[in-house]
Amino acid sequence: MSKVPKVILLIEKSRAFGRGLLHGIVQFSNLHGPWLFYMEPEISKKSRKHPYDWIKDLQADGIIGYTWDANLVKAIVSLGCPAIIRGLEKPARNAYCIVTDQDAIARTAVEYFLELGFRRFAYCGFDDMIWSRQRGENFNKIAAETGFKTYIYKQPETKRLRTPDKEQVIIAKWLISLPKPIAVMAGNDDRSQDILAACKIADIKVPSEVAILGVDNDELICGLSYPQLSSIALSTQRAGYEAAQVLGKLM
């Protein structure tokens, strides 16, 4: 009887991006597996003294991770087993990265706003997240190619001002300072909610004065908002399937 591969999944399940990856991974396993999947045990989450020991102890055949934690990425790569990691900046020995097409996302956003008749653009993301900075840079570049300026939100450097209740007030002041009407691209759907809350704080009408477009198309987040938020859907299920396919070859 052939050995069933043990695969660790370090993927956050509460958001659409992670759930999409998981659906694709499971689809591949059902067709070409089976694989035995392992996720972080609860006892490890509660005790952070040696947070990565369980990964080493499991002696898995492969890992698929969705993390921007540099220490965790380093720990995964150091194991030397085949790994696919969203958050790995460049391929390493036996480890490959899942890459999002930031140019295509930004181009979709600009074209969407132009079709709606907007000629003023802004971007609001997370300064300490590389994917968010890349998204903003691409949005700014593509908007400039069409002849329009982009106003970029700058987060407060002090971490205590980045809690939602405090930062939404700061975003509200930033939105007030912008010319209207204006189209704002959010780094993701969570950021869309911050922008929407800031509009309510500033008594700004959505979407007539400020139009908001997020990324990830998380139906729960977008649907629970009022007014409901628009978002760019990513092909995360396909990405999960192809990540599993590559991992299978590596194993």
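## Strand β4 and its neighbours

Tyr-66 stands opposite Arg-86 of strand β4, where strands are DSSP runs of E with at least two residues and helices are H or I runs of at least four, numbered from the N terminus. Strand β3 (residues 62–66) and β4 run parallel and are joined by 4 bridges; two strands pair if DSSP finds at least two bridges between them. Between β3 and β4 the chain passes through helix α4 (residues 70–79), giving a right-handed β-α-β crossover. Right-handed here means that, with the strands pointing away from the viewer, the path from the first strand over the helix to the second runs clockwise.

Strand β4 is also joined to strand β5 (residues 95–97) by 3 bridges, and these two run parallel.

## Basis of the model

The model is predicted: local features need pLDDT of at least 70, side-chain atom pairs count only at pLDDT 80 or more, and totals for chains, interfaces and linings use all residues. Residues are numbered from 1 along each chain as its sequence is written, and side-chain values use heavy atoms, leaving out hydrogens and water.

## Two buried helix residues

Ser-132 belongs to helix α6 (residues 130–145) and is buried, at a relative accessible area of 1%. Its side chain reaches the backbone nitrogen of Phe-126 at 2.7 Å. Leaving aside residues up to four places away in sequence, Ser-132 touches Tyr-123, Gly-125, Phe-126 and Gly-187, contact being heavy atoms within 4.5 Å.

Thr-236 is found in helix α10 (residues 236–250) and counts as buried because its relative accessibility is 12%. With the exclusion of residues up to four places away in sequence, Thr-236 touches Ala-16, Phe-17, Gly-20 and Leu-21.

## Cysteines

A search of the whole structure finds 0 disulfides, a disulfide being a pair of cysteine sulfur atoms within 2.5 Å. The cysteine sulfur closest to that of Cys-97 is in Cys-81, 16 Å away and therefore too far for a bond. Cys-97 is partly exposed, at 22% relative accessibility.

For Cys-199, the closest cysteine sulfur is in Cys-124, at 9.9 Å, which is also too far for a bond. Cys-199 is buried, with 1% relative accessible area.

Technical notes
Buried means under 20% relative accessible area, exposed over 50%, partly exposed in between (1.4 Å probe, protein chains only). A polar contact is a pair of N or O atoms within 3.5 Å; within protein, one must be able to donate a hydrogen and the other to accept it, and residues adjacent in sequence count only if both atoms are side-chain atoms.
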